[in-house]
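Please look over the sequence and the structure shown here.

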Amino acid sequence: MKCTIHASKQFVRGTVDPRLFGSFVEQLGRAVYGGVYEPDHPAADEEGFRSDVMDLVRELDVPVVRFPGGNYVSNFNWEDSIGPKENRPTRLDLAWKALDPNQFGLQEFMHWSKKVGTEPMMVINLGTRGLAEAKDLVEYCNHPGGSYLSDLRKSHGSEKPYDIKLWGLGNEMDGPWQVGHKSAEEYGRLACEVGKAIKLFDPSLELVACGSSNSSMPTFPEWEETVLDHTYEVVDYLSLHMYFRNEEKDIATFLACSASMDAFIDTVVHVCDYVKAKKRSKKTMYLCFDEWNVWFHSHEKDKQQTPWIVGPSLLEDVYTFEDALVVGCLLNSLLRHCDRVKIACIAQLVNTIAPIMTETGGKAWRQTIYWPFYYASKYGRGEVLESRVDVASYENRQYGTIPYADALVVHHPETGEIDLFVVNRHEHEMLSLELDLPGLGNSYMLVEHIVLEHENLYAVNDAMNPEEVMPKQVLHADTENLQIAPLTWNLLRFHR
Ligand code: AHR
């Protein structure tokens, strides 16, 4: 099947903010206890952080990590997680019905972030708490000293302020499952007042308001409009969340699901621009897609989980090869919208619906979805070019007309290199790739073709076989005739 990609460096869709490759660590399941933090593990460092996990996080190069939730945050008292560990209370986490010993708190997260080379996105509890606790948290974290809370931080051993730039104003406040769920009016008012107080403290801090938990919420998209009516001039980003599933084992539909991510982003952009017009505002609202991934494998198992224990095995999706293909398409969707989506967080990072998996007391390894994320994070930081992909398409009951090739072109102006991310959605046919890159010259050479392929869609990486699904180099005798195998994720790198 012929697939021609037309792109020109004259037509730039947007420059990718590296924070598009962010992630998320929630106090949930074994994300923290048995994941990033396990003092008894042979690979634990002097602070109890697993060095094998830190190595993988560094390799993935996530520029921002959202913390501490998620649903967890809506019932979290930040004051419980500071100071000497032996004085910290154990609390009930109502969101996940778990025990929270508060041993990996604010300071530990900041130290861990520094060690893995990431920036924090700190989410504030606007479920059970409000303005007073939010402004206190910001003072504790970011004020240099001389005030009660900044001096308290110093007394806890952090002389320098944490200097956290990015703040989330609550989590999924539109969701009835949320502890402290609010109407759009209630949340919009609260987020506006909290945002105002934070900006009084430091106008350079960046704020994310909660959008809808997914595009099927009955309140979508009125929620966005109402929340922005209240917060437009105060916040910098509006959040989006979306998870994808394939319980029916229908690969054609599953591979098409990135169309719903595209549609969700497009609608939210329109609502933002509508509110901008209504308010006669000069400001453009950007988006923060701070939870996205495949999530369904663990649903049944999680119903059996014993409640009220520390670090239960929750949301431990073991990802298949087909999930990696879908993650490749979702990354292309985010990159295609890089003019408006500036920040995104794959949910999550370790163990809970995560690219990195561990055994408590044992190994750490890369799940299948690790690979498309790794390569997008490594080579996706450039200019996404407007492109037209001429290829046949198929009709899907749920998502409509879907092209067989999901292709995206990234140009790196400083080196002139071009990276092409392609998923072949066709189950049987090769794609014969043709590139039409006017303005980029004819002197481009293919220097690398990396493919993720497997004959079994349900192949996984696990502790016994952590390298079952691995990227491979493809060698081409004839770079004029590039063939992309059916049901594969591909990265093609071109140099001048
Ligand atoms: O990432 C898992 C959960 O999904 C988060 O806690 C919540 O925000 C979302 O519903």
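**Helices, sheet and rings in a predicted model**

Helix α1 (residues 51–60) packs against helix α11 (residues 370–379) at an angle of about 50 degrees, and their axes are 9 Å apart. This makes α1 oblique to α11 (angles under 35 degrees count as roughly parallel, over 145 as roughly antiparallel, 65 to 115 as roughly perpendicular and the rest as oblique). The model is predicted: local features need pLDDT of at least 70, side-chain atom pairs count only at pLDDT 80 or more, and totals for chains, interfaces and linings use all residues. Residues are numbered from 1 along each chain as its sequence is written, and side-chain values use heavy atoms, with hydrogens and water left out.

**Helix α1 with helix α11**

- Leu 56, Glu 59 and Leu 60 of α1 meet Tyr 370, Phe 373, Tyr 374 and Ser 377 of α11 (contact means heavy atoms within 4.5 Å).
- By class, this contact has five nonpolar, one polar and one charged residues (Ala, Val, Leu, Ile, Met, Phe, Trp, Tyr, Cys and Pro count as nonpolar, Asp, Glu, Lys and Arg as charged, and the others, Gly among them, as polar).

**Helix α3 with helix α4**

- The axes of α3 (residues 131–142) and α4 (residues 148–155) come within 7 Å and cross at roughly 50 degrees (axes are lines fitted to C-alpha atoms, for helices over the stretch in contact, and angles run from 0 to 180 degrees between N-to-C directions).
- α3 and α4 are therefore oblique to each other.
- On the α3 side, the contact is made by Asp 136, Glu 139, Tyr 140, Cys 141 and Asn 142, and on the α4 side by Tyr 148, Leu 149, Ser 150, Leu 152 and Arg 153.
- Sorted by class, the α3 and α4 contact has five nonpolar, two polar and three charged residues.

**The sheet**

- Nine strands form an open sheet with mixed pairing, in the order β21-β20-β23-β18-β17-β14-β1-β19-β22 (two strands pair if DSSP finds at least two bridges between them).
- The edge strands, β21 (472–473) and β22 (482–484), each pair on one side only (helices, H or I with at least four residues, and strands, E with at least two, are DSSP runs numbered from the N terminus).
- Strands β17 (residues 405–412) and β18 (residues 417–424) run antiparallel and are joined by eight bridges.
- His 412 stands opposite Glu 417 in β18.

**Aromatic rings**

- The structure holds 24 aromatic pairs (rings of Phe, Tyr and Trp, its six-membered ring, pair if their centres lie within 6.5 Å; planes under 30 degrees apart count as stacked, over 60 as edge-to-face and the rest as tilted).
- Phe 109 and Trp 112 form a stacked pair, 6.2 Å centre to centre with 25 degrees between the planes.
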